[in-house]
Amino acid sequence: MAQTTGRGYPITKPEATDVLPSGSSMASADSQRWVLTSASVAIALVVANAIQVTRPELVELTISGWGSAVVVFTAGAAIVLVALRLPSAALIALSLVVTTGFSQVLVRRYGFPSFFQLLAPPLALVALAELPRGGSRAVTRPASLFGLGFLTWQLLSSTWAASAAYADSVVAETGRGFLIFVFVVLIVRSEARFQLVAGATVAASAALALVGVLQATTGADFGEFFGFGRIKLAQIYGDVFEARIAGPYGDPNFFAQSLLLVLPLAIGLLWSARSRRARIAAGAAAAVILAAIILTYSRGAALALGVLSFVVVAAFGVRNRRRALAILVLASLLFAVLPSGFVTRLATVTEFLPGVVVEDPDSSFEKRRVVTTVAWLIFLDHPFLGVGVGNYAHHFQDYALRIGSDARDYLAATEGERQYPHNLYLELLAEGGLVGLSLFLGLVGTILGRLASTASSAGTSSRQVLVRAVGLGLVGYLISALFLHGAFQRLLWMFLALAVATDRLEGPEAEA
């Protein structure tokens with residue numbers, strides 16, 4: 001009879017083709033090769049980007065229809081072969097593609113077909129292979145069922161949506177997110193694979209953050225760094241405009257939100273690191289991600305970060321007062337060296353307080369009042385079913401005209417543009433009604449509740465730290481979602497999947 005874990009999942013022996021490096025000299029050599037390869041790729045990208053910025057005529061990318069087909073076919077075949085031979089490599093590829101927005105950048109900037117569509121079939125094969133190893137139980141857990149219910153409700157609500165185009169675009173993106181969720185839940189079944197995804201996600205986020213930080217602080221012109229290092233010159237306060245890091249998203253607020261998801265994971269890797277080199281790498285990644293969040297000048301992210309900092313200390317530092325004190329000291333030093341523009345911009349949030357009268361109010365606040373009020377009015381008119389997924393924008397102008405606002409010029413200037421409610425929960429209420437919001441809250445509520453239970457009963461301290469880190473990342477996202485609508489959700493679905501996967505992780509000796 002095969003051995004099983006305490007939860008009934010079979011223990012499988014590692015395969016020679018898909019294992020994580022151990023403490024052996026061979027593992028050390030493999031790790032060094034990974035580091036050298038990563039450094040070589042990073043240097044090559046920097047050099048190539050410098051050429052692109054200074055001599056763009058030398059790197060113009062023009063691919064014919066046949067050329068594009070050959071590239072797609074070759075890449076697809078290679079991905080299938082690698083995924084079947086090395087499932088962990090396919091998992092790393094998925095985490096990198098999701099974290100960097102690689103597929104969207106290729107489509108938007110270079111006109112390539114969706115890279116995610118190339119990656120999905122081999123990942124599906126790998127995921128199906130995991131079903132007999134406890135995967136079937138994972139995909140039938142309450143959180144997975146809530147996720148499926150949320151996607152199903154969006155599909156249903158698209159049938160009464162006035163704009164089919166708006167509805168289809170959102171449903172398609174949610175569908176991709178749910179596929180990512182299923183792949184990660186099924187494939188991440190060991191602590192070793194969890195560590196792989198965590199390390200790849202933190203490394204990719206730190207790389208994106210570093211490109212932005214260097215551009216914003218040194219004035220270096222990286223262009224858009226192939227579409228992954230976008231900078232937006234935007235209002236900070238009053239008439240002051242400065243560079244805001246926007247990453248691959250092109251929007252500083254959403255880039256900050258994605259980094260909020262990853263920051264606790266970087267801190268978790270720092271906390272659980274067993275070697276000095278690993279601690280330095282994780283600490284550097286956490287520092288540059290934190291710096292990038294600040295340089296996005298996102299007020300919502302700053303407020304979420306403030307709340308999250310206390311929760312992080314409580315979660316990670318309760319058993320190690322020295323480390324907790326070190327975090328508080330570093331946080332105090334960071335506050336002392338914050339850019340003056342960031343502090344001034346953050347101070348403008350007091351305009352939201354009741355009874356505060358400002359002679360020259362921040363225009364973005366008035367816009368947010370308009371778009372959130374419209375969402376609330378739509379909900380009041382359609383409380384149970386909503387107006388259909390993605391269709392807030394279709395009804396925006398009709399409701400905005402009913403609002404007395406100082407943003408008349410804004411409303412006139414944006415007529416015809418697609419508007420968003422800048423609040424995920426109001427967006428769900430307006431478009432999916434109470435049913436849509438309840439399914440989403442059931443999804444995240446079930447996951448956070450299970451994470452709390454898993455963190456307290458996890459068998460190893462490193463696992464406890466990682467479980468807490470994923471939960472804290474989700475908390476940071478949910479707080480920032482009070483100020484942002486539901487765009488760029490693929491990374492969120494991946495973290496939701498990691499949260500579900502933590503409940504079935506086998507020990508570090510299991511197959512990677």
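Student: Which helices each supply at least two residues of the lining of the second largest cavity?
Tutor: They are helix 10 (252-272) and helix 20, and helix 10 provides the largest share, four residues. A helix here is a DSSP run of H or I with at least four residues, numbered from the N terminus. The model is predicted: local features need pLDDT of at least 70, side-chain atom pairs count only at pLDDT 80 or more, and totals for chains, interfaces and linings use all residues. Residues are numbered from 1 along each chain as its sequence is written, and side-chain values use heavy atoms, without hydrogens and water.

Student: What makes a space a cavity, and which residues line it?
Tutor: On a 1 Å grid over the protein atoms alone, a cavity is a set of points where a 1.4 Å probe fits but cannot get out; its lining residues have an atom within 4 Å of a point.
Tutor: Eight are nonpolar, two polar and none charged. Ala, Val, Leu, Ile, Met, Phe, Trp, Tyr, Cys and Pro count as nonpolar, Asp, Glu, Lys and Arg as charged, and the others, Gly among them, as polar.

Student: What volume has the largest cavity?
Tutor: Its volume is about 70 Å³, whereas the second largest cavity holds about 50 Å³. Each volume is the space filled by probe spheres set on the grid points, which are joined across faces, edges and corners. The lining of the largest cavity includes Phe116, Tyr249, Phe488 and Arg490. Helix 3 (87-100) and helix 20 (490-501) are the elements that give two or more residues to this lining.

Student: How do you know that the charged end of Arg490 sits over the ring of Phe116?
Tutor: A charge sits over a ring if NZ of Lys or CZ of Arg is within 6 Å of the ring centre and within 35 degrees of the ring normal. The charged end of Arg490 is 5.7 Å from the centre of the Phe116 ring and is counted as sitting over it. Likewise, the charged end of Arg418 sits over the ring of Tyr166, 4.1 Å from its centre.

Student: Why is the aromatic pair of Phe254 and Phe488 called edge-to-face?
Tutor: Rings of Phe, Tyr and Trp (its six-membered ring) pair if their centres lie within 6.5 Å; planes under 30 degrees apart count as stacked, over 60 as edge-to-face and the rest as tilted. The centres of Phe254 and Phe488 are 5.3 Å apart and the planes stand at 65°, so the pair is edge-to-face. Phe254 lies in helix 10 and Phe488 in the loop between helix 19 (461-480) and helix 20, 234 residues apart.

Student: Is Phe254 buried or exposed?
Tutor: Buried means under 20% relative accessible area, exposed over 50%, and partly exposed in between (1.4 Å probe, protein chains only). Phe254 has 6% and is therefore buried, while Phe488, at 35%, counts as partly exposed.

Student: Why is the pair of Trp376 and Phe379 called tilted?
Tutor: The planes of Trp376 and Phe379 are 45° apart, with 5.2 Å between the centres, so the pair is neither stacked nor edge-to-face and counts as tilted. Both residues belong to helix 15 (residues 363-381), three residues apart, about one helical turn.

Student: How do you know that the span of helix 11 agrees with what it should be?
Tutor: The expected span is 1.5 Å times one less than the number of residues. For the 20 residues of helix 11 that gives 28 Å, and the end C-alpha atoms are 28 Å apart, which agrees. Tyr297, which follows helix 11, has a positive phi near 55°.

Methods: On a 1 Å grid over the protein atoms alone, a cavity is a set of points where a 1.4 Å probe fits but cannot get out, and a pocket is an open set with protein on both sides within 12 Å along at least five of seven lines; lining residues have an atom within 4 Å of a point.
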